[in-house]
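Visitor: I would like to learn how to read a protein model feature by feature. Where do we begin?

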Amino acid sequence: MFKAFAVTLCSGVATAPVVAQPDHRSIADPSKWPEQAAPIKSDPTLESRINSLIARMSLEQKVGQVIQADIGSVTPEDVRQYHLGSILNGGNSTPTGKYNAPAKEWLKAADAFYAASMAPDGKLPRIPIIWGSDAVHGHNNIVGATLFPHNIGLGAARDPELLRRIGEVTAIEMRTTGLDWTFAPTLAVVRDDRWGRTYEGFGETPEIATSYAAPLIEGLQGKIGDKDWLRGPHIIATAKHFLGDGGTTGGKDQGDTRIAESGLRDLFSPPYLPAIKAGVQSIMVSFSGWNGAKMHGNKSLLNGVVKQRWNFDGFLVGDWNGHGQVAGCTVTSCTQSLVAGLDMYMAPDSWKGLYNSTLTAARDGSLPIDRLDDAVRRILRVKLRAGLFEAGKPSSRPYAGEFERLGSPEHRAVAREAVQKSLVLLKNAGRILPLNASANILIAGDGADNMAKQTGGWTLSWQGTGTVRPDFPNAQTIWEGIAEAVDATGGRATLSPNGSYTTRPDVAIVVFGEDPYAEFQGDRADVGYDDARSLKLLHSLQADGIPTVTVFLSGRPMWVNPFLNASDAFVAAWLPGSEGGGVADLLFGKAQFTGKLPYSWPKTSDQTAVNIGDKGYDPLFAYGFGLSTDEPGDLTTLPEDRAAPAQTDDNILFASGRFGNGRHLLIGAPGALATNPGPDLITAERTDRNAQEDSLRLRWKGGGRAAAAIAQDRSRDLTRQANGDLALELDVKVNVAPTADVSLMMSCGEKCTGGIPLRLTLAEAKKTDKWTRIAIPLSCFAQAGVDLSRVEEPLILVTEGQLDLSISSVRIASPSDKQLSCQ
């Protein structure tokens, strides 16, 4: 969720996105879908109250109710003036603008927005606002909250009642901060593991999500008919993303699911039936399309299937500006989506323009008033069911302000149990597991003491990046959990990320895996895991004769044959969340391995869509596989030949919010660069240019010499590109001009660095206050002493002063007439 697709040109003029043309195969026949009776009996008293409210509402109020704005782009005064019915916090929006805003600031903001919605306005009825938030693995936007394993891990647990308890914990922790609506659960059935949201799905078949939907929703909302349904310790839930989001061609986020209607129905819709039967009150419409038609405009599905065939009487909410992708629409004008059945636009930063165009359409009749009234009726029905009209300000409601409940021991115990049940044992040669906690144990790898890597995306920030250890006061890294277990038995645990040691260990536990990501930034070309540093570490331990246990952190199953061969035991730990002790429990036998693969494990790196039931199904480990320590766990030596990576442009270093092949960002003091250092000298965060978080913002604090570098998993030979007069090209926007000299450099290893001064160029760019393209011929770096045959860091920006710079792309490009001289 949460990104816009309209392309903004340098002139600032927005253009409509290119949308595939629909055909007859994108029109559903609702009579071919299973029929379901309304799970909630109509309440005449409640419906009469809704009628009274609608009769008293102004047209402006009605339009305001169907529009949701992001707190990063709206104020309480805006809510009052435009009668907005809902707000949300996107992946990077907080009440203070800082990713780690304290819980009390969230509650304070909830009160302010509520007060604005309830401010007197003549004779108009007062309608309380609702606040939606992506609490997708616990209340994951809040410092100190309990963080559960992402859905891929919960899918391995095969425990519906555990999901009920997770829902209950999440709802109470949300209530402490005054929030009353979560955009969860995700019920996607994931068919291609290249998709960047794979970890948000419970599995590759509908069976797990179908078994989980009702208990998780009842945990969040309570049970229909109970006095605390949707209130007290419960909140409003959302089933998402309707429909087919996990089946797009090539696993492309926001792509097109090309499948017959029977396949769409049988493969992707089953989890929604128990969700609706359990009383889910909102359903989020998918960014994706079906056979060329975007879901946000598919009337046959939104109205015909969901509302009529399934008798869903809650409301349909859009995804982040998703209405703007409907043919003929823009983010600020799209009556087509509302007419098709959408009830609430998610218009995070486009809300004001959309409000005005929707109001105009309602006035001139192009938006039928009956359809507008129906959308408003559905939203009011949910608000009344949740008791919001009588609940008072958020801080006065049950559990509000009880911040001690965030990450409480009782809540963390549920999360720890979830970790224990989610890990899958893939290899256990010689039954090395469980380990003896009284042994001398080496803990290595860049994921061992790394909360960001352990918790993944959707954790304090959208991509789960940019955080530091103090942001997780009620959590335990995997290293900390292991150390606690070993210390309790008199053993010895040593943390050494690079695997070095002075005293030979009895065994090594190596923790590594994918860096955090979310959504489209997590899309991949294949499922091959490339990590030369971790593989070298495993090989060195293997050469020393040290038994090795790998704990692999990932948001999807991946081809890891070389790593399996180099490990005595191999554990798929997914993204376990805040409770590293749960991992330790399994490694030392305090709990037993019971997790089973929710996704088939690939045999080759190009086996990107391998699903049980497929013709020629041939995975390395089948769906449902998972060892216990009581059975043989040896594995024959696997082939290590990686399939050729899918064709990508190796000249792209950074674009569309993603780093190119094998590249990543390092920041910090020169000589001590890291992926996620403390913010003393320099910080890195995502920012927007044409789409959400498609750019990078770097801020030098001026407290000492600091650098930002694009590093590579291996050196590259750029001599051919230099001979062809290619240049290093950057698209930048200078937010704060440099206060000291700035150097743009390349590195080819130790004592092999060179570059050019950039301060004057950046200062000139600041004067325009626009995005600027800077190009430096590669030959300039050669003249400065860089050996272009072995470039390790193709971009390094260094300064001692202050500098605030946004970068939307870095690439090796053809020469242009705007190239800088070598100075």
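Visitor: Where is N291 found?

Guide: A word first: this is a predicted model. N291 is found in the loop between β10 (289-290) and β11 (293-294).

Visitor: What is the phi of N291?

Guide: The general idea first. Most residues other than glycine have a negative phi, and most peptide bonds are trans. In this model, phi of N291 is near 50°, a positive value in a residue other than glycine.

Visitor: Is N291 buried or exposed?

Guide: N291 has 4% relative accessibility, so it counts as buried. Now take R431, in the loop between β14 and β15. R431 is not a glycine either, and its phi is positive, about 50°. Its accessibility is 43%, so R431 counts as partly exposed.

Visitor: On to sheets. What is the order of the six strands in the open sheet?

Guide: The order is β14-β19-β18-β17-β15-β16, and the pairing is mixed. β14 (424-428) and β16 (492-495) are the edge strands; each has a single partner, so one side of each lacks a neighbour in the sheet. On average, neighbouring strands are turned by 20° against each other, direction ignored.

Visitor: How many bridges join β17 to β18?

Guide: Six, and these two strands run parallel. V511 has V551 in β18 as its bridge partner. On to β15 (residues 440-444): this strand pairs with β17 (residues 507-513) in the parallel sense, over four bridges. There, I443 stands opposite I509 in β17.

Visitor: Which helix packs on the sheet?

Guide: Helix α18 (residues 532-543) does, touching β15, β17 and β18 (548-553). The direction of α18 makes about 170° with that of β17.

Visitor: Which residues point one way from β18, and which the other way?

Guide: The rule: in a regular strand the side chains alternate between the two faces of the sheet. In β18, T548, T550 and F552 point one way. V549, V551 and L553 point the other way. All are buried. Six of the six residues of β18 are buried, so the strand is largely enclosed by the rest of the structure.

Visitor: Now the cores. How many residues has the largest nonpolar core?

Guide: General idea: in soluble globular proteins, nonpolar side chains tend to be buried together. Here the largest nonpolar core has 120 residues, and I67 and I283 have the most contacts inside it. Helix α7 (residues 206-221) gives the most to this core: eight residues. Looking beyond four places away in sequence, I283 touches T238, A239, F242, Y272, I276, V306, F312, F315, L316 and V317. Another core, of 43 residues, lies apart from the largest one; A706, I756, L795 and L797 are among its residues.

Visitor: What about a lysine? Is K62 buried or exposed?

Guide: Check the accessibility rather than the residue type. K62 has 9% relative accessibility, so it counts as buried. K62 is found in helix α2 (residues 59-65). Beyond four places away in sequence, K62 touches I54, M57, I369, L372, D373 and V376.

Visitor: Next, helix pairs. At what angle do α6 and α15 pack?

Guide: Helix α6 (residues 160-176) and helix α15 (residues 409-422) pack at about 145°, with their axes 10 Å apart. The crossing of α6 past α15 is left-handed.

Visitor: Which residues in α6 meet α15?

Guide: L162, R165, I166, V169, I172 and E173. In α15, they meet H411, V414, E417, A418 and K421. By class, this contact has six nonpolar, one polar and four charged residues.

Visitor: Last, a loop residue. What does P30 touch?

Guide: P30 lies in the loop between β2 (14-15) and α1 (44-56). Leaving out residues up to four places away in sequence, P30 touches S300, G304, V305 and R309. Its relative accessibility is 23%, so P30 counts as partly exposed.

Visitor: And how many Å separate the C-alpha atoms of P30 and E750?

Guide: The separation is 66 Å, for two residues 720 residues apart along the chain.

Conventions
Residues numbered from 1 in each chain as written. Predicted model: local features only at pLDDT ≥ 70, side-chain atom pairs only at ≥ 80, totals over all residues. Heavy atoms only, no water. Pairing = 2+ DSSP bridges. Axes fitted to C-alpha atoms, helices over the stretch in contact; angles between N-to-C directions. Contact = heavy atoms within 4.5 Å. Core = buried A, V, L, I, M, F, W, Y, C linked by side-chain atoms within 4.5 Å. Buried < 20%, exposed > 50% of the residue type's maximum accessible area, 1.4 Å probe, protein only. Left-handed = near helix turned anticlockwise from the far one by under 90°. Nonpolar A, V, L, I, M, F, W, Y, C, P; charged D, E, K, R; others polar.
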